[in-house]
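Here is a short briefing on one protein model. Read it with the structure open.

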Amino acid sequence: MRTRILIVEDEEALTTLLRYNFEAEGFEVDAAARGDEAELKLAEQQPDLILLDWMLPGLSGIELCRRVRARRETERLPIIMLTARGEEGDRIRGLGTGADDYIVKPFSVPELLARVRALLRRAKPAHVADLLAAGDIELDRVSHRIRRSGHEIHLGPTEFKLLEFLMQSPGRVFSREQLLDGVWGHDVYIDERTVDVHVGRLRKALNRPRQPDPIRTVRGSGYAFDETFSAEA
């Protein structure tokens, strides 16, 4: 699955430049020009990382950073502050508010990309790792192969994306709507029950007789990759 970046920046030219470069590197990009608009986007769908300008209309970047850190759902969300304020006191204030990194304008886009990747490796290693593994299941993102107990499992492209999406966040329960957005994309309009069909196909491909099921159904909520799953279960 592509890593999702939310750019919160009121300079349209800079947003366009960043969007172009991040999408060229395989990231999914969303953008907001106001702090209050970004807050609404965060309530709808959580990105994997925020690039946050300090000075914003509607709600300042510093205040938005405080609010993100105050919410349990986003308290660990990686944030890089983008600002023209390069004085030491400003850097200390930005980091003290909860930003994970701080880069001063004008900056090198390759350096920013490197900082984003480094922060994601620390905060969300599953989003940048080539191999996801849990129990006796291995998912290789490079070769697009799945193995369970050493045996190769053949999945369709949608089931592969679904398993990858779930394995990135073991234990987290995703609603059908969230799975549709994460696996199929925002611009695809299909019935939520389609998720149930593909989960059923994924289970059928993964599970042999007497093997534990790594996909957990949470009644009334959705599905999760079982964080307690192991080969011995």
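In which strand is the place of aspartate 53? The answer is strand E3, residues 49-53. The model is predicted.

- An unreviewed UniProt entry places the feature "modified residue: 4-aspartylphosphate" at Asp53.
- Aspartate 53 counts as buried because its relative accessibility is 4%, under the 20% cut-off.
- Leaving aside residues up to four places away in sequence, aspartate 53 touches Val8, Glu9, Asp10, Gly61, Leu82, Thr83 and Lys105.
- A network of salt bridges links Asp53 with Glu9, Glu11 and Lys105.

**Salt bridges**
- The structure holds 21 salt bridges.
- One of them pairs lysine 41 with aspartate 30, with the closest N and O atoms 3.3 Å apart. This pair links distant parts of the chain: lysine 41 sits in helix H2 (residues 35-44) and aspartate 30 in strand E2 (residues 28-32), 11 residues apart. Aspartate 30 is buried, at 18% relative accessibility.
- Arginine 115 and glutamate 111 meet through their side chains at 2.7 Å, N to O. Both lie in helix H5, four residues apart, or about one turn of the helix. Arginine 115 is partly exposed at 25%, and glutamate 111 is partly exposed at 35%.
- Aspartate 213 and arginine 203 also form a salt bridge, 2.7 Å from N to O. Here the link joins the loop between H9 and E10, which holds aspartate 213, to helix H9, which holds arginine 203; the two are 10 residues apart. Aspartate 213 is partly exposed at 31%, as is arginine 203 at 21%.

**A buried loop glutamine**
- Glutamine 168 lies in the loop between helix H7 (157-167) and helix H8 (176-184).
- Its relative accessibility is 9%, so glutamine 168 counts as buried.
- The side chain of glutamine 168 makes a polar contact with that of arginine 141, at 2.5 Å.

**Backbone geometry**
- Most residues other than glycine have a negative phi, and most peptide bonds are trans.
- The peptide bond joining lysine 105 and proline 106 is cis, with omega about -10°. Proline 106 is in the loop between strand E5 (101-104) and helix H5 (109-123).
- Serine 149 has a positive phi, near 55°. This serine is in the loop between strand E8 (145-148) and strand E9 (151-153), and is partly exposed at 44%.
- Arginine 210 has a positive phi, near 70°. Its loop runs between helix H9 (193-206) and strand E10 (215-218). Arginine 210 is exposed, with a relative accessible area of 83%.

Conventions. Residues are numbered from 1 along each chain as its sequence is written. This is a predicted model: local features need pLDDT of at least 70, side-chain atom pairs count only at pLDDT 80 or more; totals for chains, interfaces and linings use all residues. Side-chain values use heavy atoms; hydrogens and water are left out. Buried means under 20% relative accessible area, exposed over 50%, partly exposed in between (1.4 Å probe, protein chains only). A polar contact is a pair of N or O atoms within 3.5 Å; within protein, one must be able to donate a hydrogen and the other to accept it, and residues adjacent in sequence count only if both atoms are side-chain atoms. UniProt positions are given in the numbering used here, feature names are shortened, and annotations may be inferred rather than shown by experiment. Contact means heavy atoms within 4.5 Å. A salt bridge is a side-chain nitrogen of Lys or Arg within 4 Å of a carboxyl oxygen of Asp or Glu.
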